[in-house]
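Open the model in your viewer and get ready to click along.

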Amino acid sequence: MEDMESLKEQILNNIKAANDIKALEDIRISVMGKKGLITEQMKSLGTLPLEQKIETGKKLNVIKSEIEQALSTQKQVLEEKELNEKLKKETIDITLPVRPEVQGRIHPVSKIYEEVVAIFGQMGFEVAEGPDIEDQFHNFNALNMPANHPARQMQDTFYLPNTNDGSFDMDNSYVIRTHTSGIQIRTMESKKPPIRIIAPGRTYRSDYDATHTPMFHQVEGLVIDKNITMAHLKGCLYDFVKAFFELDEIPVRYRPSYFPFTEPSAEMDIGCLKTKTELKIGAGNDWLEILGCGMVHPNVLKAGGIDPEQYQGFAFGVGIDRLAMLKYGIPDLRTFFESDVRWLKNYGFAPLDFSSLTGGLSNNGGQTR
Ligand code: DAH
């Protein structure tokens, strides 16, 4: 029986030392299994004389239940330990952001587009669209620029071949639009006045240097109603530049100019300070040309099917890329279209940083750039 006691102690120690469920199960089998130590002892009882059989049997039963108890306690301990380890391994730190960093960036042209739409949207303008491939009627003729009109030479037009042999008949071929002004005509054709639209879009001219690229962006504006005057034009554009440059006041001036589709025509300048490194908008006494504008020419209204005796209007055209260069200090236009991700990372905007007049045009929550 002494042997039994020391065997029991040893088994109990082994049980306590078992550090995973598998090791514990191996011990259980070696002790309680079909050929286990205790099982064998039980079996051997039969060979003993009756009295001894009873006494040893009792003791064996006590040992057995002690071991069973120890097994079950240790099992619980190990199960809890395993669960804790599992939980520790599977924890998710929900305080971490989903991604390490905002990955995508909004191109400055898209940003300016959003800003311009937000500003004019608040003034009640709708966004209108037109095709990039345009006929000469909408791009030129209806805008008071008939064939051979000298103003056509102001724009280095891309004509599309319209014959099978690749040559073209200049007068009838399509062009890729040289400006967004054709959308004025398309809008007059599809809408009755009052009209208040802006038309942002891509435009194309054969030109290439630091401030000109063959493809660039413009936004056209058109307002037509009864009794529209140059004062409306001035007020509207003044409000626009103030909102756009996010300044309470900004010096502006209108210089007489010439566009075939407006009469009178003007160019709007804003006051700025030109230093070598930085351009300060709204300060100093240098002037910077910002857009072309004027009162819609009666011939243009007629071409759009609107009676110039009853209606007047004003129009304007702004270069979106130029606005981006000015507002965000980007020196070379060509870099806009080189698709260099390093450039976009530097000059681009956070994707969730929407432009709105109330929430801030360019710096919502300090997230910009
Ligand atoms: N279409 C002109 C250009 O591309 C810009 C322009 C000037 C548009 C005056 C207008 C305007 O609507 O009134 O240079």
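Start by selecting Phe 120, Phe 125, Phe 240, Phe 244, Phe 245, Phe 314 and Phe 316: ring pairs link them into a cluster. (Rings of Phe, Tyr and Trp, the last by its six-membered ring, pair if their centres lie within 6.5 Å; planes under 30 degrees apart are stacked, over 60 edge-to-face, and the rest tilted.) This is a predicted model, where local features need pLDDT of at least 70 and side-chain atom pairs count only at pLDDT 80 or more, while totals for chains, interfaces and linings use all residues. Residues are numbered from 1 along each chain as its sequence is written, and side-chain values use heavy atoms, with hydrogens and water left out.

Searching the whole structure turns up 11 aromatic pairs. Zoom in on Phe 120 and Phe 125: their ring centres are 5.0 Å apart and their planes at 70°, so this pair is edge-to-face.

Next, pick Lys 327, which lies over the face of Phe 244, 4.6 Å from the ring centre. (That takes NZ of Lys or CZ of Arg within 6 Å of the ring centre and within 35 degrees of the ring normal.) Arg 334 lies over the face of Tyr 208, at 5.5 Å from the ring centre.

Phe 244 is itself buried, and so is Phe 245.

Technical notes:
Buried < 20%, exposed > 50% of the residue type's maximum accessible area, 1.4 Å probe, protein only.
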